[in-house]
Amino acid sequence: MSTVEITADTLGVQIEQNDIVLLDFWAAWCGPCRMFAPVFEAASEQHPDIVFGKVDTETEQELAAAAGITSIPTLMAFRDGVLVFAQPGALAARDLEQLIGRIRAIDPAELSAAKARA
C-alpha cells in the first residue's frame with residue numbers, strides 16, 4: 001500500500017477503522033520532510049496492513065495545530081484508536097521498522113485500559 005493523503009475530514013475515519021495508522025506531518029518546503037518521504041513510502045510498501053498517512057501542514061493548518069505540531073516532520077502512530085507515539089524528526093529506515101515492531105507488540109489489553117481512562 002502506498003501512502004494516503006490525510007485531511008481533517010478523513011483523519012477520524014482512518015484512525016477508527018484501522019488497527020495501526022502512522023501519520024507523517026510534513027510540508028513541501030521542509031528539507032528533512034523530503035528526506036524522510038522515501039523512507040515512509042518504502043515502509044508503506046512493506047507493511048500493507050498499516051495505513052501510512054501524510055498530512056500536509058500547509059494545506060491542513062488547523063489539523064496540524066489541533067495535533068500540536070510545532071516541528072516537522074513529526075511522526076504520530078495510533079494503535080486501535082489510541083495515540084501510542086508522537087515525535088518530531090525524521091527517522092532512519094531501521095528506526096522506523098523498530099517503531100513499527102514496537103507498535104505491533106503493544107498488548108491490546110493495555111490499549112483497552114487506555115481507552116477506558118480517556
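Q: How many bridges join strand β2 to strand β4, and do they run parallel or antiparallel?
A: This is a predicted model. In it, six bridges join β2, residues 20–26, to β4, residues 74–79. The two strands run antiparallel.

Q: Which residue in β4 is the bridge partner of isoleucine 20?
A: Arginine 79.

Q: OK, zoom out. What is the strand order in the open sheet?
A: The order is β1-β3-β2-β4-β5. That makes five strands, with mixed pairing.

Q: And which are the edge strands?
A: β1 (4–5) and β5 (82–88). Each of them pairs on one side only.

Q: Which strands does helix α5 touch?
A: Helix α5, residues 108–117, packs on the sheet and touches β4 and β5. Its direction makes about 95° with that of β5.

Q: New topic. Which residues in the largest nonpolar core touch the most other members?
A: That core has 17 residues. The ones touching the most other members are Leu11, Leu23, Phe25, Ile69, Ile72, Met76 and Phe78.

Q: Which elements give two or more residues to this core?
A: α1 (8–17), β2, β3 (51–56), α3 (61–66) and β4. β2 gives the most, with three residues.

Q: What does the second, separate core include?
A: That core has 15 residues, among them Ala43, Phe52, Ala77 and Ile103.

Note on methods. Residues numbered from 1 in each chain as written. Predicted model: local features only at pLDDT ≥ 70, side-chain atom pairs only at ≥ 80, totals over all residues. Heavy atoms only, no water. Pairing = 2+ DSSP bridges. Helix = DSSP H or I, 4+ residues; strand = E, 2+ residues; numbered from the N terminus. Contact = heavy atoms within 4.5 Å. Axes fitted to C-alpha atoms, helices over the stretch in contact; angles between N-to-C directions. Core = buried A, V, L, I, M, F, W, Y, C linked by side-chain atoms within 4.5 Å. Buried < 20%, exposed > 50% of the residue type's maximum accessible area, 1.4 Å probe, protein only.
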